[in-house]
Amino acid sequence: MSNAADDSLMAELSTLTGRTDPLPASLRSAALGAIAFRTPGAHVADLTHDSALDDSRGSVRSGAATQRLLAFEAGDLSIEVEVERSGTARRIVGQVVPPARLGVVIRHPRGEIPVAVDELGRFAVGGVPAGPVSVRCEVPRPGGADEVVTAWVPI
Amino acid sequence: MAPDLAGDLVRRARAGDTTAWPDLVERYTGMVWAIVRGYRLADGDAADAVQTTWLRLVEHLDRIMEPDRVGTWLATTARNEALRLRRIAGRHVLVEDVDIDVMGTPVPVEIDSALLREERDTAVARALTGLSERCQALLRVLSADPPPSYDEVSAALAMPVGSIGPTRARCLGKLREALAPAGAAGLFEEKELGDVERR
């Protein structure tokens, strides 16, 4: 049970925060626009490894690590992605195993980048904007194809 | 928003109703922002965390087990995204010669003095920075508009629901204490000046 003085101070904090640190309009727009990225029926490949979260502090002391390794899994499908930072852009080198020959697309909030894939399921693309990213691919299945998307991860 | 109302919005969004999503965003966008700021993320990381949280909801829209608890789901996701980015940012901040406690060094929140209209605002903002990180995070999350439920606050801060009320009271008490000497602002400023001169 809170008292009136607490409630009043809390209300003051709310007003102050609303004035000094409001949600940027661009973020509200981004949230509203997120629904456009819905892929009903697609399997989500969850993030199973992120090298940036390794506890090996030694690698950070020896110099900035510019390469980040992400691994995603959905059932028997795995997608590995290496991310290289270059200012505000990212270069992505990845592989889908088993190989996906049909449509691999790098998704990011401002659009999609289709990428070519070789017979080993490897792909590479530069100029990906920093921020949330998701790899979408179609995996051939008997009688058709499954759509797989990697869990969104900010890079 | 009543939980069942939020659940209805999730169910309608799942069914392809394009009017449901904006209502869902409007209800929780303040909370998601407050949570990532509560975790002291700098602007770029805060934007990434917010954006990723909403994209993750879209990604999981069909799989959410309890649509009525979407607020708690969003709070948990915002917390996870903030922690991830904070951890990564901490690593990039580490420099050869300096040993910094990654989780203990808060990113200073820039306060645009042009926005602070009164001395009171200044005093409150300054007093807030003197509180523990835990208190600052709790008060930041509680100050979201619309205010989050205690279940959502609990998920956002990994704080037991039962302790939120007492912690809120304690933190507001400390804030009030810190604000009390504000009346002697002149004295405080003289002391500061004295310190500078002594150097």
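B:Asp8 has a relative accessible area of 37%, so it counts as partly exposed (buried is under 20% relative accessible area, exposed over 50%, partly exposed in between, with a 1.4 Å probe and protein chains only). B:Arg11 is partly exposed too, at 37% relative accessibility. Their side chains meet in a salt bridge, 3.5 Å from N to O (the rule wants a side-chain nitrogen of Lys or Arg within 4 Å of a carboxyl oxygen of Asp or Glu). B:Arg11 and B:Asp8 both sit in helix α1 (residues 3-14) of chain B, three residues apart, or about one turn of the helix. Helices here are DSSP runs of H or I with at least four residues, strands are runs of E with at least two, and both are numbered from the N terminus.

Some housekeeping before going on. This is a predicted model, where local features need pLDDT of at least 70 and side-chain atom pairs count only at pLDDT 80 or more, while totals for chains, interfaces and linings use all residues. Residues are numbered from 1 along each chain as its sequence is written, chains are lettered from A and ligands numbered from 1 in the order in which they are written, and side-chain values use heavy atoms, with hydrogens and water left out.

Salt bridges that share partners tie A:Asp21, B:Arg37, B:Asp43 and B:Arg140 into one network. One link in it is the bridge between B:Arg37 and A:Asp21, whose closest N and O atoms are 2.9 Å apart. That pair crosses between chains, running from helix α2 of chain B, where B:Arg37 lies, to the loop between α1 (4-20) and α2 of chain A, which holds A:Asp21. B:Arg37 counts as buried because its relative accessibility is 14%, and A:Asp21 is buried with a relative accessible area of 12%. Over all chains, a search of the whole structure turns up 23 salt bridges. Another of them joins the side chains of A:Arg122 and A:Asp118, at 2.8 Å from N to O; A:Arg122 is partly exposed, at 41% relative accessibility.

Now for the place where the chains meet. Between chain A and chain B the count is eight salt bridges. A:Asp7 and B:Arg168 have their side chains in a salt bridge, at 3.0 Å from N to O.

On the side of chain A that touches chain B, the elements giving two or more residues are α1, α2, β1, α3 (57-61) and β10 of chain A. α1(A) gives the most, with 12 residues. By type, the residues on that side split into 29 nonpolar, 11 polar and 14 charged (Ala, Val, Leu, Ile, Met, Phe, Trp, Tyr, Cys and Pro count as nonpolar, Asp, Glu, Lys and Arg as charged, and the others, Gly among them, as polar). The contact takes 54 residues from chain A and 54 residues from chain B, with contact meaning heavy atoms within 4.5 Å. Chain A and chain B bury about 4,800 Å² between them, 58% of it on carbon and sulfur atoms; buried area is the accessible area (1.4 Å probe) that two parts lose on being put together, summed over both.

What about the rings? The whole structure has two aromatic pairs over all chains. Rings of Phe, Tyr and Trp (its six-membered ring) pair if their centres lie within 6.5 Å; planes under 30 degrees apart count as stacked, over 60 as edge-to-face and the rest as tilted. A:Phe37 and A:Trp152 have ring centres 5.4 Å apart and planes at 85°, so the pair is edge-to-face. It links distant parts of the chain, 115 residues apart: A:Phe37 is in the loop between α2 (25-33) and β1 (43-50) of chain A, and A:Trp152 is in the loop between β9 (144-150) and β10 (153-154) of chain A. A:Phe37 and A:Trp152 are both buried.

In chain B, the rings of B:Trp21 and B:Trp54 have centres 5.7 Å apart and planes at 80°, so this pair is edge-to-face. B:Trp21 belongs to helix α2 (residues 20-38) and B:Trp54 to helix α3 (residues 43-60) of chain B, 33 residues apart. B:Trp21 is buried at 2% relative accessible area, and B:Trp54 is buried at 1% relative accessibility.

Finally, have a look at B:Trp73, in helix α4 (residues 70-93) of chain B. B:Trp73 is partly exposed, at 24% relative accessibility. Leaving aside residues up to four places away in sequence, B:Trp73 touches B:Thr53, B:Arg56, B:Leu57, B:His60 and B:Ile64.
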